[in-house]
Amino acid sequence: MALHLTDRNVAHDIAERIRTLIARQDHGDVTAAARRLERPIADVYLPERVISSADEPAAIEFLATVVRTYEADVCWLITGATARSARKRPLSSEDRVTIVELLDELSDRLID
């Protein structure tokens, strides 16, 4: 996994985007989001804790669940930019690695 996910600022930015999804689709109800994501309420209430944890596979799995469940744009979730706008501004290699890992996790779930 790209090491930048353990950076608290990066984790906080991604967590804010997750909160945006929850606000839009669950009307900000963390309990409803936890049920939807099939995760403990604590993970949904403080997603930066999961994202920045030392458990890299768990962080990627959590983000893949968010992407799949909310049908979120992977590029937007990781960088805050859509895939279309990312063409104008090149992604960092860390962002690219994280996006590829997330897509790999998503494809594994689809195959299963």
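Contact between two residues means heavy atoms within 4.5 Å. By this criterion, Ile-51 touches Leu-5, Ala-11, Ile-14, Ala-15, Ile-18, Ala-59, Phe-62 and Leu-63, not counting residues up to four places away in sequence.

The structure is a predicted model, in which local features need pLDDT of at least 70 and side-chain atom pairs count only at pLDDT 80 or more, while totals for chains, interfaces and linings use all residues. Residues are numbered from 1 along each chain as its sequence is written, and side-chain values use heavy atoms, with hydrogens and water left out.

**Overall fold**

The chain contains 8 helices and 0 strands; helices (H or I, at least four residues) and strands (E, at least two) are DSSP runs, numbered from the N terminus. Of the 112 residues in the chain, 43% are buried. A residue is called buried under 20% relative accessible area, exposed over 50%, and partly exposed in between (1.4 Å probe, protein chains only).

A nonpolar core is a set of buried Ala, Val, Leu, Ile, Met, Phe, Trp, Tyr and Cys residues joined through side-chain atoms within 4.5 Å. The largest such core has 30 residues, of which Ile-14, Ile-18, Ile-51, Leu-63, Val-66 and Leu-77 touch the most other members. The largest share of this core, 7 residues, comes from α5.

Helix α5 covers residues 56-70 and reaches 21 Å from its first C-alpha to its last, close to the 21 Å expected at 1.5 Å a residue. That expected span is 1.5 Å times one less than the number of residues. The buried residues of α5 include Phe-62, Leu-63 and Val-66. After α5 comes Glu-71, whose phi is positive, near 50°.

**Salt bridges**

A salt bridge is a side-chain nitrogen of Lys or Arg within 4 Å of a carboxyl oxygen of Asp or Glu. The count comes to 6 salt bridges, including those in the table.

| Pair | N to O distance |
|---|---|
| Arg-19 and Glu-16 | 3.0 Å |
| Arg-36 and Asp-26 | 2.8 Å |
| Arg-39 and Asp-43 | 2.9 Å |

Arg-39 is buried, at 17% relative accessibility, and Asp-43 is buried at 9%. Salt bridges that share partners join Arg-39, Asp-43, Arg-49 and Glu-61 into one network. Asp-43 lies in helix α3 (residues 41-45) and touches Arg-49, Val-50 and Phe-62, not counting residues up to four places away in sequence.

Arg-19 and Glu-16 both lie in helix α1, 3 residues apart, about one turn of the helix. An α-helix has 3.6 residues a turn, so residues three or four places apart point the same way.
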